[in-house]
Amino acid sequence: MIPKYTIEYTMSFKKHAHASHYSSDDPVALEEFIEELLERGLRIQAIKHEGLDLSKHDFDKMVKTAGGMLASKRICASLGIKPEEKHYRFGFAA
């Protein structure tokens, strides 16, 4: 059975690159994984839904959502504020 979502990404080392993938049937878990890839600066090669590449629009939307999640966490950590205050001050979801 094909997983609902698959991300293909690359980890680069000094002289080598290692291609890998992550699969999930849960779109929230997928966004959280994309958030971790963004945080670590790993290259995202493709995001697939049921074996087919996402459209550019859907790909960008998913990456934007994960980027917002990452920014939100960083704001809370850097300013020492709670998610509720972050929402009130900066408009990110609580």
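**Charge pairs and their surroundings**

I began in helix α1 (residues 27-40), where Glu36 and Arg40 are four residues apart and therefore separated by about one helical turn; helices here are DSSP runs of H or I with at least four residues, strands are runs of E with at least two, and both are numbered from the N terminus. I note that this is a predicted model, in which local features need pLDDT of at least 70 and side-chain atom pairs count only at pLDDT 80 or more, while totals for chains, interfaces and linings use all residues. Residues are numbered from 1 along each chain as its sequence is written, and side-chain values use heavy atoms, with hydrogens and water left out.

I looked up the contact between Glu36 and Arg40 and found a salt bridge at 3.7 Å, N to O, the term standing for a side-chain nitrogen of Lys or Arg within 4 Å of a carboxyl oxygen of Asp or Glu. Arg40 is exposed at 55% relative accessible area, whereas Glu36 is partly exposed at 40%; buried means under 20%, exposed over 50% and partly exposed in between, with a 1.4 Å probe and protein chains only.

I then turned to helix α3 (residues 83-90), in which Glu85 and Arg89 also lie four residues apart, about one turn of the helix. Their side chains meet in a salt bridge of 3.1 Å, N to O, and Glu85 is partly exposed at 34% relative accessibility, as is Arg89 with a relative accessible area of 45%. Salt bridges that share partners join Glu36, Glu39, Arg40 and Arg74 into one network.

Which parts of the chain does the pair of Lys48 and Glu8 link? I found a salt bridge between them, with the closest N and O atoms 3.9 Å apart. The pair links distant parts of the chain, with Lys48 in strand β3 and Glu8 in strand β1, 40 residues apart. Glu8 counts as partly exposed, at 30% relative accessibility.

I followed strand β1 (residues 5-12) to its antiparallel partner, strand β2 (residues 17-24), to which eight bridges join it; two strands pair if DSSP finds at least two bridges between them. The two form a hairpin with four residues between them, and Met11 stands opposite His18 in β2.

For the whole chain, I recorded three helices and four strands, running β-β-α-β-β-α-α from the N terminus on, and eight salt bridges in the structure.
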